[in-house]
Amino acid sequence: MFISDAIKYIGADDKTIDLFESQYVVPNGVSYNSYLIMDEKIAVMDTADKRVEKEWFANLEKELSGRQPDYLIVSHMEPDHAALIAKFSEKYPKAKVVGNIKTFNTAEQFFDMDLGDKKIVVAEGDELSLGEHTLVFYMAPMVHWPEVMVEYEKKEKILFSADGFGKFGALDTEEDWTCEARRYYFNIVGKYGAQVQALLKKASGLDISMICPLHGPILKEDLSFYLNKYQIWSSYEPEDRGVFIAYASIHGNTAEAAKLLKEELEAAGEEKVSICDLAREDMAEAVEDAFRYDRIVLAAATYDGGIFTWMDTFLHHLKSKNYQKRKVALIENGSWAPMVAKQMRAALDEMKEIEIIEPVITIRSALNEDNKAGVKELAKTIVGA
């Protein structure tokens, strides 16, 4: 992968991983991006995950061509980017390690090593000259760990954005950027919208020609598109007008109601309707779609006097990712004591700016003609909401 004559890509794809962070399905793998700036002084921009240790060191040595690195820049201490710091320091004992105060506090928790006089501590706005290239450091706390920082290279106008603007998928995967970047953003960074907004404000003052993230492709063209997506996502505004139906069904009756609602919404003119069986489909993708659309329908069965497991889990994810600014319709099912709508409403009350679309549809065991009529009316109300 070509970046520039002086800036080299030394990262690696991982297609053997099944779950990113032991929870997110990555059918097309993931990339651990790392970069090398060759100048009078040489800077390595982050290491990689131990899963690609041999490949990463081989890539580094090939590009160094016998030269010795002067600096290792640590943007983010999460192990998928920082696992090889100790081995790098052993291999290149003269190289300085550049980070902020929080970087080194976290490093001590991961590694039994004393960097001593190898440490260079930087703060907001500090610069590091490599010769023709100069790195400027900007702190980005909680995007998405406390120690995160990004670097701007002044000569080539490149933003090394840490986990910002990243996506799932190996680099040789041909797929739409937005879908997997959105799933990545809301599940990895989604809780920290205010912190992302603060970083975007800093970035707005920079002349950026390229964005080099720690996951996913390097962004070189139409950067306003990616910046606009992050502006929408981090402000929790809906990206599209549409309806997302999330259902948790035990014996199929709640699922039948959800599917009927989808049909009625489409018949009533709703152009974008997405539906998800929370028990069987990717929970991270469900979270993604919940943030994507301006309206959502939650359909669930009562279970043990509470919310059926998968809907309960889904609501927990939404709350933890700071879900807000949406209109929500509710469908409940219960054979003898339907009460899940009340409990879903209580969960939604803990989120910001949630508007409930009335009426709530109650099903007792299975759909009947009255329920079907109610679903049809709900569809019309949702379309007009």
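## Asp14 and its surroundings

The side chain of Asp14 lies 2.9 Å from the side chain of Thr16 in a polar contact, a term for a pair of N or O atoms within 3.5 Å in which, within protein, one atom must be able to donate a hydrogen and the other to accept it, with residues adjacent in sequence counted only if both atoms are side-chain atoms. A second polar contact, of 2.5 Å, links the side chains of Asp14 and Arg51. The model is predicted, with pLDDT of at least 70 needed for local features and pLDDT 80 or more for side-chain atom pairs, whereas totals for chains, interfaces and linings use all residues. Residues are numbered from 1 along each chain as its sequence is written, and side-chain values use heavy atoms, with hydrogens and water left out.

Asp14 belongs to strand β2 (residues 12–14); helices (H or I, at least four residues) and strands (E, at least two) are DSSP runs, numbered from the N terminus. With 3% relative accessibility Asp14 counts as buried, where buried means under 20% relative accessible area, exposed over 50% and partly exposed in between, for a 1.4 Å probe and protein chains only. When neighbours within four places in sequence are left aside, Asp14 is in contact with Gly29, Val30, Tyr32, Arg51 and Val52, contact meaning heavy atoms within 4.5 Å. The C-alpha atoms of Asp14 and Glu61, which are 47 residues apart along the chain, are separated by 19 Å.

## Overall features and the nonpolar core

The protein has 12 helices and 21 strands, and its C-alpha atoms fill a box of roughly 75 × 40 × 35 Å along the principal axes. Of its 385 residues, 56% are buried. Among contacts between residues at least 6 apart in sequence, 72% join residues at least 24 apart.

The largest nonpolar core contains 96 residues, and those with the most contacts inside it are Leu60, Leu298, Met311 and Phe314. Such a core is a set of buried Ala, Val, Leu, Ile, Met, Phe, Trp, Tyr and Cys residues joined through side-chain atoms within 4.5 Å. Helix α5 (residues 177–189) supplies the largest share of this core, 7 residues. Beyond its neighbours within four places in sequence, Leu298 is in contact with residues including Ala246, Met311, Phe314, Val328 and Leu348.

## Helices α5, α6 and α7

Because 12 of the 13 residues of α5 are buried, this helix is largely enclosed by the rest of the structure. Among its buried residues are Trp177, Glu180, Arg182, Arg183 and Phe186, and the buried residues of α5 pack against β3 (19–20), β4 (24–25), α6, α7 and α9 (283–292). At the start of α5, the backbone nitrogen of Thr178 has a side-chain oxygen of Asp176 within 3.2 Å.

The axes of helix α6 (residues 193–203) and helix α7 (residues 223–234) come within 9 Å and cross at roughly 145°; axes are lines fitted to C-alpha atoms, for helices over the stretch in contact, and angles run from 0 to 180 degrees between N-to-C directions. Gly193, Ala194, Val196, Gln197 and Leu200 of α6 make this contact with Leu227, Tyr230, Gln231 and Ser234 of α7.

## Backbone geometry

Two cis peptide bonds and two residues with positive phi are set out below.

| Site | Backbone value | Location |
|---|---|---|
| Val143 to His144 | cis, omega near 5° | His144: loop between β12 (134–139) and β13 (149–153) |
| Glu358 to Pro359 | cis, omega about 0° | Pro359: strand β21 (residues 352–363) |
| Phe165 | phi about 65° | loop between β14 (158–160) and α5 |

Phe165 is buried, with a relative accessible area of 5%.

## Phe110

Phe110 lies in helix α4 (residues 101–110) and, at 39% relative accessibility, counts as partly exposed. Leaving aside neighbours within four places in sequence, Phe110 is in contact with Met77, Pro79 and Trp145. The C-alpha atoms of Phe110 and Ala82 are 9.4 Å apart, although 28 residues separate the two along the chain.
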